[in-house]
Amino acid sequence: MVDFTLTDEQKDLREMAHNFAEKEMRPVAWKHDKDGSWPQEVIDKAWEVGLMNNHLNPKYGGTGLDYLSGCIIEEEIAWGCSGIGTSIGANGLAAAPVELGGSEETKKKYLGMLSESPKLASFALTEPDAGSDVAGMKTRAVKKGDKYILNGSKCFITNGEHADWYTVYAKTDPDSGSRGISAFVVDRQDGITIDKKEDKMGQRASNTVSLTFNDVEVPAGNLIGEENKGFKLAMMTLDRTRPGVASMAVGIARGAFEAAADYSKERQQFGVPIAMHQAIQFLIADMSVKVDAARLLTWLSAWQLDNGISNTLSSSQAKRFAADSAMEVTTDAVQVFGGYGYIKDYPVEKFMRDAKIMQLYEGTSQIQRMVIAREVLMPRQV
Ligand code: COS
């Protein structure tokens, strides 16, 4: 039986996240967007009220929230500000591979750090020459005694400047493509240099940096899972995090849709509110369809994850559809506002800039289509 009724706990979580987004995020979102400043105070508050590290296992101090509930929270947070939301949510991306493959000792130490105080961790996969093509990475990890020595560069690392530890992917067998990559937990240390903070189009409150590993020593015990099995770990992680990203896209789209619907009832042209014109009604109607359809696909992928059903297909479908819908909905929201939508005195241009990254990070919309096509035509046996 299909039932879309949220539990009382999920309704409470949604209300709590919505209130947080409305009272703690929206009032400062446009300031942080304008100057690209770091919203530490919002992150601290999010951690205090329990809106960070949603899925962390209670064994390591987390709440072990199910993925569907996580999606409900992430939609509200992104409705508040998806830039700050990305910084609030990025620990989940770094922690997932540790939860999936880390030793008990590693989990206790590093996941425990996230639940004990508002610390941050970053997921370091992407490189200047290896974005969509993960297997093309060049960062090297060479085993020497009971340590690995890491050398290489990573880019587009969310929260990289503020992280206390990193989940780093590096080649341990450079001639074996995707079967020669390993994952490590790496403490922040002197050998890691922050090379550049990116000045971005949107999500300007989130921190995005390039970093270099210069002969960084990593204890062999910090290898996550088995040597040369890091690629699969990264793919399994993205299966788990893409529903959350899709929810953020829904939150951005909903924010823009609500603003456009409200404005259309106030703005008068040709003697009536523009909402009376069919041209605007059809835009609003399509926006509402896209928001709701994206949410349904997203909830399905999270529900599958919660119920132990493979969600590789549905998480890519959700991410693809929600991200592209967010771009369309926010662009149409600017259209409803007309010339006013294009200036910073009104909220929708930020939604449009913020939406663009949803089609790029955690796998572009084109990569999602590749995954979808493969899963449809040649499903991976799990
Ligand atoms: N779960 C578990 N294992 C998976 C998997 C998944 N979802 N997807 C693929 N694998 C496994 C495959 O089964 C294969 O295993 P074997 O080595 O045992 O054969 C291995 O991983 C390699 O898979 P594949 O051949 O499909 O890899 P490709 O190099 O062709 O790459 C894509 C696949 C393009 C899908 C992958 O590189 C990708 O997702 N790229 C985008 C990365 C991304 O999202 N970057 C954004 C930055 S992260 S914030």
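**Ligand shell, aromatic pairs and individual residues**

With a relative accessibility of 4%, asparagine 311 counts as buried. This residue belongs to a predicted model, in which asparagine 311 occupies the loop between α7 (278-306) and α8 (312-337).

An N or O atom in the side chain of aspartate 239 lies 3.0 Å from a nitrogen atom of the ligand. In arginine 380, a polar side-chain atom is placed 3.3 Å from a nitrogen atom of the ligand. The ligand taken alone exposes 1000 Å², and 76% of that area is buried by the protein. Two elements, α6 (230-266) and α10 (365-377), each give two or more residues to the shell around the ligand. The greatest contribution is that of α6, with seven residues. The shell comprises 24 residues, of which Ser132, Arg179, Lys232, Asp239 and Arg374 come nearest to the ligand. Sorted by class, the residues of the shell are 11 nonpolar, six polar and seven charged.

Aromatic contacts were examined next. A pair of aromatic rings is described by the distance of the centres and the angle of the planes. Eight aromatic pairs are present in the structure. In one of them, tyrosine 110 and tryptophan 165 have ring centres 5.5 Å apart and ring planes at 70 degrees, so the pair is edge-to-face. The two partners come from distant parts of the chain, 55 residues apart, with tyrosine 110 in helix α5 (residues 104-116) and tryptophan 165 in strand β4 (residues 165-171). Both tyrosine 110 and tryptophan 165 are buried. Another pair is formed by tyrosine 340 and tyrosine 346, whose ring centres are 5.2 Å apart; their planes stand at 45 degrees, so this pair is tilted. Tyrosine 340 counts as partly exposed because its relative accessibility is 36%, and tyrosine 346, at 27%, likewise counts as partly exposed. These two tyrosines belong to a cluster in which ring pairs link Tyr263, Phe337, Tyr340 and Tyr346.

Charged side chains also lie over aromatic rings. Arginine 26 is positioned over the face of tryptophan 79, at 3.6 Å from the ring centre. Over the face of tryptophan 30 lies lysine 350, at 5.2 Å from the ring centre.

Strand β3 (residues 147-158) contains lysine 154. The relative accessibility of lysine 154 is 1%, and the residue therefore counts as buried. Its side chain reaches two backbone oxygens: that of leucine 125 at 3.0 Å and that of tyrosine 169 at 2.8 Å. Phenylalanine 156 is likewise located in strand β3. In contrast to the buried lysine 154, phenylalanine 156 is exposed, as its relative accessible area is 56%.

Most residues other than glycine have a negative phi. Phenylalanine 156, although not a glycine, has a positive phi of about 55 degrees. A positive value is found in glutamine 203 as well, a residue other than glycine with phi near 40 degrees. Glutamine 203 is situated in the loop between β6 and β7 (208-219). This glutamine is buried, with a relative accessible area of 2%, whereas phenylalanine 156 is exposed.

Strand β6 (residues 192-197) includes threonine 193. Threonine 193 has a relative accessible area of 31% and is therefore partly exposed. The C-alpha atoms of threonine 193 and serine 210 are separated by 8.6 Å in space, while the two residues are 17 residues apart in sequence.

Definitions and conventions. Residues numbered from 1 in each chain as written. Predicted model: local features only at pLDDT ≥ 70, side-chain atom pairs only at ≥ 80, totals over all residues. Heavy atoms only, no water. Near = heavy atom within 4 Å. Polar contact = N/O pair within 3.5 Å; in protein donor to acceptor, adjacent residues only side chain to side chain. Areas by Shrake-Rupley, 256 points an atom, 1.4 Å probe, with all protein chains shown as cover. Helix = DSSP H or I, 4+ residues; strand = E, 2+ residues; numbered from the N terminus. Nonpolar A, V, L, I, M, F, W, Y, C, P; charged D, E, K, R; others polar. Phe/Tyr/Trp six-rings, centres within 6.5 Å; stacked < 30°, edge-to-face > 60°. Buried < 20%, exposed > 50% of the residue type's maximum accessible area, 1.4 Å probe, protein only. Lys NZ or Arg CZ within 6 Å of the ring centre and 35° of its normal.
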